[in-house]
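Hi everyone, thanks for coming. Let me put the structure up on the screen, and then I'll walk you through a few parts of it.

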Amino acid sequence: MREFLLGYGYFAMYYALAITFIYFLIFGLSIRHTFPLQRGIRYNRVRKLSGSEHVPPVSLLVPAYNEELMIKENVRSLLALNYPEYEVIVVNDGSKDDTAKIMIEEFQLKEIKPIVAKRIKTEQVRGYYHNPEYPNLYFIDKENGGKADSLNAGINLSRHPLISTIDADSLLEKDALTRIARVYMENPEETVAVGGNVRILNSCTVEDGIVKKIRFPRQWWPALQNVEYIKAFLGGRIGWSSVNGLIIVSGAFGVFQKDKVIAVGGYRGGYPGEDMNIVIKLHRYCLENKIPYQVAFCPDAVCWTQAPDTYRILSSQRMRWGRGNLKNMIEEGIHMVFRPRYKVFGLLTLPYNILFETLNPYFRLSGLLAMIGYWLLNMADWKTVAVFMLVNFFSCFILSLGALYIEEKAFSRYPKLSDLNKMMIYSFLMFLGYRQVGVLWRFLGHIDFFRNNNSWGTMVRTNFNK
């Protein structure tokens, strides 16, 4: 037992060193690419693009399930975008509330009989609705089939070569679509997907579907998620996209080449994690068919979304994410990992995701058991343990502060100094329990996966203005 625990201690040390090295590598790439990226998306260039006839037309797909409290604000914000040519396709996924009724009455929609190319199989569509007074708005009412099925139904109706996925509980900034299209236009032949930046809406002031005043969240759980999102998107996704290793385009806001999405069979239904799954399939399709491609990220294209504000709702969301991640690694990732034909994605992205994301709960929990074993066998050198934990803590804290540095220097969406101070405080606090309970949620999500528990979980919506 002593030999085993001693060997595990060395393994844990090398594991921690490896993950810290990759974190700093990706963060370094994020820093390196942030400021050239920021210079390329200055306001004047975006303003010129918003009226240009050369900007590609986009179909915005909005899956909605029980979204009666916010569907009006969401749709009106999308109809007010500064973009030359686009359509908004709202898909009601068999909601049990008044989502369909509110959409039809608010926009005075009438049923139509369009010609629909059913390239992807979906649940039965009850009807298609439109009002010529809102020429770029369409509404689909269908049987419940999940978010992926709703997106596939929207793809079937869409007319444009690019599709954009938008969550119904989210709001786009007016120029967000133009900014993300600018990134696509830099290399339109090879860019198969572009992800947008997701920010926390809680405590912000919203008027007519537009975020008028930005505030740092007042509640504990959204505040922690705020600094978590900043670290993940600015400190992580910029770096991963720079080496074409991005594994996920957030379902809240992203743009895709429609023909490529159809070529891989559309969105996978019946399970969470469809946003990660579609990106993995795009990587695999392009690499196997030797198609030059890029999955990009645009940090200045901002989507504001409501974050869970209670323990029950947040734990349900994170357990669902854990199930989706495990499903994707078993279903897709395991066939590509460590295979040279899949290049950076197979040799770096997937090994990182499997070892340091999917399997991370098991290493952490086994580490806790090892610590108990050290204590019982009187093997623990507590000074060494304390130094190791402090080094690990401060390395992670430095990365969080680095993400805040990128936020403040390049984007500065939070105008108040007090908000910056709060973000620094919560960047410290998130390591004192929040990250640890996140490991537990992911582990419980894996248990649900093996128990075949595929329920969506709890999500309670509130009005945007609250």
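Here is one to start with: which residue in E5 is the bridge partner of tyrosine 129? It is phenylalanine 139. Before I go on, a word on the model: it is predicted, local features need pLDDT of at least 70, side-chain atom pairs count only at pLDDT 80 or more, and totals for chains, interfaces and linings use all residues. Residues are numbered from 1 along each chain as its sequence is written, and side-chain values use heavy atoms, with hydrogens and water left out.

Let's stay with E5. This strand covers residues 137-142, and six of its six residues are buried, where buried means under 20% relative accessible area, exposed means over 50%, and partly exposed is in between, with a 1.4 Å probe and protein chains only. Leu137, Phe139 and Asp141 point one way, while Tyr138, Ile140 and Lys142 point the other way.

What about the neighbours? Strand E4 (residues 125-130) runs antiparallel to E5, with five bridges between them, and a hairpin of six residues joins the two. Strand E2 (residues 86-93) runs parallel to E5, joined by six bridges. There, isoleucine 89 has tyrosine 138 as its bridge partner in E5. Two strands pair here if DSSP finds at least two bridges between them. Helices (H or I, at least four residues) and strands (E, at least two) are DSSP runs, numbered from the N terminus.

Now, zooming out. The chain has 14 helices and 12 strands. Its radius of gyration, taken over C-alpha atoms, is 23 Å, close to the 23 Å that the globule rule gives for 466 residues, so the chain is as compact as a globular protein of that length. That rule is 2.2 Å times the number of residues to the power 0.38. The C-alpha trace spans about 75 × 45 × 45 Å along its principal axes, and 55% of the 466 residues count as buried.

Last stop, the surface. Leu6, Tyr10, Met13, Tyr14, Leu17, Phe388 and Met389 form a nonpolar patch with about 750 Å² of accessible area together. Helix H1 (2-39) and helix H13 (382-411) are the elements that give two or more residues to the patch, and H1 gives the most, with five. Patch residues have over 30% relative accessible area and no salt bridge; like charges are joined within 9 Å, and nonpolar side chains (Val, Leu, Ile, Met, Phe, Trp, Tyr) within 5 Å. A salt bridge is a side-chain nitrogen of Lys or Arg within 4 Å of a carboxyl oxygen of Asp or Glu. Areas come from the Shrake-Rupley method with a 1.4 Å probe; for residues, only the protein chains shown count as cover.
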